[in-house]
Amino acid sequence: MAASAAPKNYSRIGDNAFKDVEKINSELFTLTYGAIVTQLMKDYEDVEAVNTQLEKMGYNIGVRIIEEFLARSGLGRCSDFRETSEVLAKVGLKMFLGITAQVQNFDSTKNEFSLILDENPLAEFVELPENCGNLWYSNVLCGVIKGALEMVQMKVDAKFVKCALRGDDQTEIKVTFISIIEEEVPVGDD
């Protein structure tokens, strides 16, 4: 039996990638995001519509930042969904938000896991009003995960199941593998 390759130190890769990324003031980032959510609440006046809009915004961000992620991290294709979860938790979140997450609750088929966020920079300085009980304030993160993974041919669902802003003991995003997206050859390019 051949010796397996040494496991990659994703925490170190994430730290190095974070060092190399241009940064903005975290308070400005947090307050700007809060202003966007507030404006969406005024525009839509419906919490579920705001949740949908935040996810759509995140999806569009994810579609665009995956190239930067791949270029700066130097990582290639993940071998399985477990590796994808570790790269997402320790490299992706670190590179763009300066945080890491714990990967927990893998199901028996290895097609679903939870990202446990000990901190959430989007939610700093935030208190949800009582009329916003169903708002997933940081839902943009679910969209980013979906958009970025789709660009590397992985269709997933990502949704919040717990949020510290809602009084939960932790913030948890459930990520579920749906399918591998087969690349389609454009008509006439075969």
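These legends go with close-up views of a predicted model. Numbering starts from 1 along each chain as its sequence is written, and local features need pLDDT of at least 70, side-chain atom pairs count only at pLDDT 80 or more, and totals for chains, interfaces and linings use all residues. Side-chain values use heavy atoms, with hydrogens and water left out.

**View 1. Helix α3 packing against helix α5.** Here we have α3 (residues 47-73) and α5 (residues 140-151), whose axes come within 6 Å and cross at roughly 40 degrees. Axes are lines fitted to C-alpha atoms, for helices over the stretch in contact, with angles from 0 to 180 degrees between N-to-C directions. Helices (H or I, at least four residues) and strands (E, at least two) are DSSP runs, numbered from the N terminus. The pair is therefore oblique (under 35 degrees is roughly parallel, over 145 roughly antiparallel, 65 to 115 roughly perpendicular, the rest oblique). Contact (heavy atoms within 4.5 Å) involves residues including L54, M57, I61 and I65 of α3 and V140, V144, A148 and M151 of α5. By class, this contact has eleven nonpolar, four polar and three charged residues; Ala, Val, Leu, Ile, Met, Phe, Trp, Tyr, Cys and Pro count as nonpolar, Asp, Glu, Lys and Arg as charged, and the others, Gly among them, as polar.

View 2. Buried residues of α3 include L54, G58, G62, I66 and F69, where buried is under 20% relative accessible area, exposed over 50%, and partly exposed in between (1.4 Å probe, protein chains only). After α3 comes G74, with a positive phi near 75 degrees.

**View 3. Helix α3 meeting helix α4.** The axes of α3 and α4 (residues 81-97) come within 11 Å and cross at roughly 105 degrees, so the two are roughly perpendicular. On the α3 side we find I65, E68, F69, R72 and S73, meeting V87, V91, G92, M95 and F96 in α4. That contact has six nonpolar, two polar and two charged residues.

**View 4. Two loop residues with positive phi.** Most residues other than glycine have a negative phi. E45, in the loop between α2 (26-44) and α3, has a phi near 55 degrees and is exposed, at 70% relative accessible area. N105 sits in the loop between β1 (101-104) and β2 (112-117); its phi is about 60 degrees, and at 44% relative accessibility N105 is partly exposed.
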